[in-house]
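Please examine the structure shown below before reading on.

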Amino acid sequence: MSRLSALLSRETALAWGRGGGPLVAVGFYAGVATLLPLAIGPEPARLAAIAPGAAWVALALASLLSLERLFERDYEDGALDLLTLSPTPLELTCFIKCVGQWLATGAPLAVAAPIAAIALGAKPDLAPLIFACALLGGVAFAFVGGIGAALSLGARRGGLLTAVIVLPLFVPPVIFGGGALDAFSSGLPWVSGFALLGAYAALAVALGPLAMAAACRNALS
Amino acid sequence: MNWAPAFLANPERFMAFSRWAAPLFGVIAAVLAVVGLYLGFTAPEDYQQGQTVRIMFIHVPAAWLASFIYLCLGVASFLSLIFRHALADAAAQAAAPLGAAFTLLALVTGSLWGRPMWGAFWVWDARLTSVLVLFLLYVAYIALRASMDDEAKAARAAAILALVGAVNLPIVHYSVDWWNTLHQGASVFKKGGSSLAPVFLHPLLIMGLAYLSAFGSLWLVGIRGEVWRRRAEAAALRAAKA
């Protein structure tokens, strides 16, 4: 157990400390949220209609950013070889890597999401749901994104390739979360979308580490 | 069909089989397409859709094939990942561009049909979107394979991606029921038989078979080309060593 907690603190510290950590993701998120009204127009009515959805999509894009370094850094300096040799199963290591990624970027982004949505003109009573969706969706984004990051190990243009691989897989969580937010803001039952988002996150947590470990083993072979 | 992969797993037997099977499937596809298109274009106009109903004979089989080829890609990737069979990997590699082409055909013909019917080339409906996602998955598969220099590693990484993407297939299939929006529900294969008139159903099924054998023919040709390419590469390597 101490090995796992040591691994978790290592991953979280690396994701938090190196390369700007959560600041880069939150900064990118704030940048996208700033560009949106500039492109769409400042009318509050028009902005308010798209605010929850825009905040949600920007969140998916921002969670792509730091994925590149999730495995690449350990792959380059040989730490991934050592992690593979350790008695901890590689699947569990990948799981903990994604949890560290979520703690360092998903959770800070979830705090920033309601602020961005309200700044864009969403109703303030939407804030708790946006926070919950971002927290839950962040889990799905981290675990699905980890698959893309592991698969593009050793490829040319790894960062761009990760985005091409991962964005189609982001479609279900984006639809479910967006559906829940849209239903809530128009006063409809929103639980089904939120529950489906949770189901997708659970599926990603259950199956993602298997694919990540297989991809890491392949990259190291 | 259990015997088919076992029989064809031997590359020599596969090459001998595909040598005559590929042109045969091609001829069958051409004959069926001529018959299907003739029946399709002589069918009466639909009372709602008019002449545009004929786009269906091009569009619907392409959409069937788009999902079916992903199934083939998934099975081939599974076999190559588990049994490390070189021929299964060649099959997966040859299936991906074909799948992307059929998916693109379904998207393009669908939007040409959508313009007169829905008044828009593209509607962000659930099924359209999930077919678009299927196309993006094919593109991701091809891009991942293309961006790795080590062929063996690229093959295994791409196979993992194909299996991960297979999670998307049920979403493509059931999205109509889940989100149930603008796109009409399933009408050919559903409980209580088809709701399509026979005068439209028969050409549609013939076109479906034509597309299927065209895919079979092109797939076999693609696998044969891949096998020849690998043999040539191995021969060049041997010549360089000698």
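A crossing of two helices is called left-handed if the near helix is turned anticlockwise from the far one by less than a right angle, and right-handed if it is turned clockwise. In this predicted model, the crossing of helix 2 of chain B with helix 8 of chain B is left-handed. Helix 2 of chain B spans residues 11-42 and helix 8 of chain B spans residues 198-241; the two pack at an angle of about 150°, and their axes are 7 Å apart. Angles over 145 degrees count as roughly antiparallel, and helix 2 of chain B is therefore roughly antiparallel to helix 8 of chain B. Sorted by class, the residues of this contact comprise 21 nonpolar, eight polar and one charged.

Along the sequence, the pattern of chain B reads α-α-α-α-α-α-α-α. Of the 242 residues in chain B, 37% are buried. Among the contacts in chain B with a separation of 6 or more, 76% are accounted for by residues 24 or more positions apart.

One loop of chain B deserves attention. R84(B) is placed in the loop between helix 3 (55-83) and helix 4 (86-118) of chain B. Most residues other than glycine have a negative phi. R84(B), although it is not a glycine, has a positive phi of about 50°. As for its surroundings, R84(B) has 13 C-beta neighbours inside 10 Å and therefore counts as partly exposed.

Chain A contains 10 helices and zero strands, and from the N terminus on its elements run α-α-α-α-α-α-α-α-α-α. Taken along the principal axes, the box filled by the C-alpha atoms of chain A is roughly 55 × 35 × 30 Å. How does the radius of gyration of chain A stand beside that of a compact globule? For 221 residues such a globule would have a radius of gyration near 17 Å, and the 18 Å of chain A agrees with this. Buried residues make up 49% of the 221 residues of chain A. Of the contacts in chain A between residues at least 6 apart in sequence, 81% join residues at least 24 apart.

The crossing of helix 2 of chain A and helix 3 of chain A is right-handed. Helix 2 of chain A contributes residues including F28(A), Y29(A) and L36(A), while those from helix 3 of chain A include R46(A), L47(A) and L65(A). By class, the residues of this contact divide into 17 nonpolar, no polar and one charged.

The other partner is helix 7 (residues 127-151) of chain A, which packs with helix 3 (residues 44-65) of chain A at an angle of about 30°, the axes being 10 Å apart. Angles under 35 degrees count as roughly parallel, and helix 3 and helix 7 of chain A are therefore roughly parallel to each other. Their crossing is right-handed. The residues that make the contact include P52(A), S63(A) and L64(A) of helix 3 of chain A, together with G137(A), G138(A) and G145(A) among those of helix 7 of chain A. This contact has nine nonpolar, four polar and no charged residues.

Helix 7 of chain A also holds F131(A). Is F131(A) buried or partly exposed? Because 17 other C-beta atoms lie within 10 Å, F131(A) is partly exposed. Leaving aside its neighbours within four places in sequence, F131(A) is in contact with A110(A), A113(A) and P114(A). The C-alpha atoms of F131(A) and A110(A) are separated by 5.4 Å, although these residues are 21 residues apart along the chain.

It remains to consider where the two chains meet. In the contact between them, 16 residues of chain B face 18 residues of chain A. On the side of chain B that touches chain A, helix 5 (126-146) and helix 6 (151-165) of chain B each supply at least two residues. Helix 5 of chain B provides the largest share of that side, seven residues. By class, the residues of this side of chain B are 13 nonpolar, one polar and two charged.

Conventions: Residues are numbered from 1 along each chain as its sequence is written. Chains are lettered from A and ligands numbered from 1 in the order in which they are written. This is a predicted model: local features need pLDDT of at least 70, side-chain atom pairs count only at pLDDT 80 or more; totals for chains, interfaces and linings use all residues. Two residues are in contact if their C-beta atoms, placed from the backbone, lie within 7 Å. Helices (H or I, at least four residues) and strands (E, at least two) are DSSP runs, numbered from the N terminus. Ala, Val, Leu, Ile, Met, Phe, Trp, Tyr, Cys and Pro count as nonpolar, Asp, Glu, Lys and Arg as charged, and the others, Gly among them, as polar. Axes are lines fitted to C-alpha atoms, for helices over the stretch in contact, and angles run from 0 to 180 degrees between N-to-C directions. Angles under 35 degrees count as roughly parallel, over 145 as roughly antiparallel, 65 to 115 as roughly perpendicular and the rest as oblique. A residue is buried if 20 or more other C-beta atoms lie within 10 Å of its own, exposed if 12 or fewer, and partly exposed in between; C-beta atoms are placed from the backbone. The radius of gyration is taken over C-alpha atoms; the globule rule is 2.2 Å times the number of residues to the power 0.38.
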